[in-house]
Amino acid sequence: DGYRNTNLYQGGREANTDNYRYQDGNYEGYAPNDGYYRGGDEPAHEEDAQSDVTEGHDEDDEVYEGEYQGIPHPDDIKEKQKKRAPAVADEYRDRDDLMAERMEDEEQLAHQYENIIEECGHGRFQWTLFFVLGLALMADGVEVFVVGFVLPSAEKDMCLSSSNKGMLGLIVYLGMMVGAVMLGGLADKLGRKKCLIISLAINAAFAFLSSFVQGYGFFLFCRLISGLGIGGSLPIVFAYFSEFLSREKRGEHLSWLCMFWMIGGIFASAMAWSIIPHYGWGFSMGTKYHFHSWRVFVLVCSLPCIASLVALKFMPESPRFLLEIGKHDEAWMILKQVHDTNMRAKGEPERVFTVSYIKTPKQVDEFIEIQSSTGTWYQRWLVRITTTFKQVWDNVLYCLTAQYRMNTLMLAVVWFTMALSYYGLIVWFPDMIRYLQEEAYESRVKIFDEEEVSHFTFNFTLENQIHRNGEYRNDKFIGMKFKEVRFEDSLFEECYFEDVTSSETFFENCTIISTVFYNTDLYEHKFINCRLINSTFMKEKEGCHLDFEEDNDFLIYLVSFLGSLSVLPGNIISALLMDKIGRIKMIGGSMLISAVCCFFLFFGNSESAMIGWQCLFCGASIAAWNALDVITVELYPTDKRATAFGILNGLCKFGAILGNSIFASFVGITKVVPILLASSALVGGGLLALRLPETREQVLM
């Protein structure tokens, strides 16, 4: 009786298929008593969205419970609809009317889908997907740290100048920014799984390739494209996973997923610590091709991405996305798979998936179908690509319409201020530690004045020394290293340099007479205002040479390792409290606490103090990152979710580029500007976040 209404047709037993109810935890869809399809009052866009699930009859009237019985052919439905009262065709209807109808359908679907996910339960399927997507998120965390770890070795291996080093550090963020916007937008049109596979494949291919290339320009290009790939994965991962979670589980489990970013940082730090210092872990091919240990490290860092890519092949597309584009049957089969997987894991394989019909929104996009005989192949592909990117651009503009404009702008400010302060400080911390180390190193410098050495052979390392007004006659410098050595106003007469390697070594205002330099890297730029009289340079060393005694790098690896590990308590707390105190309070509270932590940096005058404050800051700020990921997913509808996340994450990476550039420029000059800038940004962003709408009680639209 609950399904009888005034829409019943005379002489038939048809009901409006939009009606559905959810009672006592089970979804009940309408099915005629005799089990035969009678042709209901379905709208045109739902023609291919009908299915009987719980019971069906064959010619011998045998019952198959729980079997999917298929849907009536769309042509059969069209023929029956033609016989009914004439309706206005969609092409003659106003687009606003179509959009209003679609929005109404989406609201009905959102509530029904929530009930379906609750019926499917949370179990083995979600945990499997959790680890697969976690590996993709781990790859993103690794990518952020890779370049910072390889720079000290790569700059010597590829003869990088200071400007080149800075560009290599920023190029990954630039690629991530472009990839987040582009691939995030495509995920709302092509599908979560397909675009995530494309994203991870791009990252894995170019990360692998970058470990073998020798030239700086090609290496820079490979890291740019690699960053583009992994940047696109972040928006897709959160949109993808959220669409398999119920309202009660969403905040908590998205926060647990964020832990894989921390695991990626720990993995990168541990691998750098264990691989890069072992310079023998490589090989050479002639004098031109060198594969040093830092390249092995780059190769190892691509493993999480490759593992996620392989595992993702066995996971299904998001059923929520499929319903948005009208693919009812595919979505139903995936939801049944989720239900059956979880029920078998719980020891209840007899439980039947009771859903027979799922609402699909009205399709209003204009799709262009091109016949194979039309034009050339590249013209057909050009039309398809142009149409797809136009739809992506429309989605971008939709995020700035009146309905979402304020939320998008406020979220943009919060994402940007968070990224500016966080990424700026995590680069500033290691740079400040290096600066403190250099100050301590320079304080131990040995100064030699007016020394006179003649007929002596130097075959050992000279380090951290200044020689002033010295005289060196008939001396030999053979098979040795100069590290941080300066000769000022000195005389070299009839000396012989052979097989000499130098690092940060210079000759200033020196006079060099009848001296031979054979197989050395003492190039012209290392002689500043010097007079070279009858001196000869023979067979200069080619390329750059690794410094085999770098001790400072170990501390940098340790700092990054501890910084990544310190977010573990914040991750646990945010996961447990996300659904209890809400997303807004989590963001505002975390950012304000992080701002307070910044002020303690004024007291960081030693390496241990800087490491301690870095751990405190990272641990306090991680809760804001987790809550930002969750609220961004929940504020936007399914067909705009990955696009909006991609835009905001792209803006985040732009903030990271600015933060890296600004904060690094003040190292060794002042601590006041970076600290005040970071704390001000965090306070402003945190207060603005409190004005965002709370989303923990709403279903995914």
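**Exercise 1. Determine whether Phe 517 counts as buried or exposed.**

Solution. Phe 517 has a relative accessibility of 2% and therefore counts as buried. The cut-offs are under 20% relative accessible area for buried, over 50% for exposed and the range in between for partly exposed, with a 1.4 Å probe and protein chains only. By contrast, Phe 537 stands at 30% and so counts as partly exposed.

The model is predicted: local features need pLDDT of at least 70, side-chain atom pairs count only at pLDDT 80 or more, and totals for chains, interfaces and linings use all residues. Residues are numbered from 1 along each chain as its sequence is written, and side-chain values use heavy atoms, with hydrogens and water left out.

**Exercise 2. Classify the aromatic pair of Phe 238 and Phe 645, and state which helices it ties together.**

Solution. Step one is the criterion: rings of Phe, Tyr and Trp (its six-membered ring) pair if their centres lie within 6.5 Å, and planes under 30 degrees apart count as stacked, over 60 as edge-to-face and the rest as tilted. The structure holds 39 such aromatic pairs. Step two applies the criterion: the centres of Phe 238 and Phe 645 are 5.6 Å apart with 10° between the planes, and the pair is stacked. Step three places the residues: Phe 238 belongs to helix 6 (residues 216-242) and Phe 645 to helix 18 (residues 638-664), so the pair ties together parts 407 residues apart in sequence. Helices (H or I, at least four residues) and strands (E, at least two) are DSSP runs, numbered from the N terminus. Both Phe 238 and Phe 645 are buried.

**Exercise 3. Classify the ring pair of Phe 517 and Phe 537.**

Solution. The ring centres of Phe 517 and Phe 537 lie 4.5 Å apart and the planes meet at 5°, so this pair is stacked. Phe 517 sits in strand 16 (residues 516-520) and Phe 537 in strand 19 (residues 536-538), and the pair links these distant parts of the chain, 20 residues apart.

**Exercise 4. Give the strand order of the open sheet of 5 strands, and explain why one side of each edge strand has no neighbour.**

Solution. The order is 6-9-12-15-18, with parallel pairing. Two strands pair if DSSP finds at least two bridges between them. Strand 6 (452-454) and strand 18 (531-533) are at the edges; each has a single partner strand, so one side of each is left without a neighbour in the sheet. Strand 6 pairs with strand 9 (residues 471-473) in the parallel sense over 3 bridges. In strand 9, Glu 471 is the bridge partner of Glu 452.
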